[in-house]
Amino acid sequence: MYRFQRALALAGLLAVLLPSGSVLADRHHLPLAPALPALRGPVEAPVPPRRPVNPRKNAHMIYEDDRPLRDFDRDRGLTDLCRSGRFRQKRERFLSIRLGGFVHGAVVGGHWSLYDPEGLAVPNLIYAVKDQDTARCEVYVIRHLEPAP
């Protein structure tokens, strides 16, 4: 019985303090959260910034192709020389090529930027050099350089 009296007293107190039940439902009584914008349809993906054509300052992009590097022929003899440091670029990434979206170093046979003491590079032939100055260095034959118009 005591619980019932306590509940009745609490209900009477609320009825005195809140004369109408509409006070709780009044929009101006309590602050409301800001309205969230309604999203309709799929959310658009952000547009990534454009990559520069030449990834390094003072680099020269001499060739681009959509095919990956593994589609080209690897030269075993020049790869062995590259791994021992006897076939490489004098200035790393001075010349570069983009194959399959990846940028690799490039050398041209007979060009001043090629270090080739044995003279094994074919003149005007473009070679891709991957992982230069490491034991994993690989040299790929790309194509002959086009003559300037």
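## The nonpolar cores

In this predicted model, the largest nonpolar core is made of 13 residues. Ile 97, Leu 99, Ala 128, Tyr 140 and Ile 142 have the most contacts inside that core.

Take Ala 128 and skip its neighbours within four places in sequence: what is Ala 128 in contact with? The list runs to Leu 69, Ile 97, Gly 105, Glu 138, Val 139, Tyr 140 and Ile 142. There's also a second, separate core of twelve residues, and Cys 82, Leu 114, Tyr 127 and Cys 137 are among them. As background, nonpolar side chains in soluble globular proteins tend to be buried together.

## The sheet and its helix

Six strands make up an open sheet with mixed pairing, in the order S1-S4-S5-S7-S8-S2. S1 (60-65) and S2 (73-74) are the edge strands; each has a single partner strand, so one side of each has no neighbour in the sheet.

Strand S5 (residues 102-108) and strand S7 (residues 125-130) run antiparallel and are joined by four bridges. In one spot to look up on the model, Gly 105 has Val 129 in S7 as its bridge partner. Helix H2 (residues 76-83) packs on the sheet, where it touches S2, S7 and S8 (138-144). The direction of H2 makes about 130° with that of S8.

## Aromatic pairs

How many aromatic pairs does the structure hold? There are two. In one of them, the ring centres of Phe 87 and Tyr 127 are 5.7 Å apart and the planes sit at 85°, so this pair counts as edge-to-face. Phe 87 is in the loop between H2 and strand S3 (88-89), while Tyr 127 is in S7, so the pair ties together parts 40 residues apart in sequence. Both of these residues, Phe 87 and Tyr 127, are buried.

Phe 94 and Trp 112 form a tilted pair, 5.2 Å centre to centre with 55° between the planes. Phe 94 belongs to the loop between S3 and strand S4 (95-99), and Trp 112 to the loop between S5 and strand S6 (114-115), so this pair ties together parts 18 residues apart in sequence. Are these two residues buried or exposed? Phe 94 counts as buried because its relative accessibility is 13%, whereas Trp 112, at 52%, counts as exposed.

## A charge over a ring

Arg 88 and Tyr 115 are worth a look too. The charged end of Arg 88 sits over the ring of Tyr 115, at 5.0 Å from the ring's centre.

Note on methods: Residues are numbered from 1 along each chain as its sequence is written. This is a predicted model: local features need pLDDT of at least 70, side-chain atom pairs count only at pLDDT 80 or more; totals for chains, interfaces and linings use all residues. Side-chain values use heavy atoms; hydrogens and water are left out. Two strands pair if DSSP finds at least two bridges between them. Helices (H or I, at least four residues) and strands (E, at least two) are DSSP runs, numbered from the N terminus. Contact means heavy atoms within 4.5 Å. Axes are lines fitted to C-alpha atoms, for helices over the stretch in contact, and angles run from 0 to 180 degrees between N-to-C directions. Rings of Phe, Tyr and Trp (its six-membered ring) pair if their centres lie within 6.5 Å; planes under 30 degrees apart count as stacked, over 60 as edge-to-face and the rest as tilted. Buried means under 20% relative accessible area, exposed over 50%, partly exposed in between (1.4 Å probe, protein chains only). A charge sits over a ring if NZ of Lys or CZ of Arg is within 6 Å of the ring centre and within 35 degrees of the ring normal. A nonpolar core is a set of buried Ala, Val, Leu, Ile, Met, Phe, Trp, Tyr and Cys residues joined through side-chain atoms within 4.5 Å.
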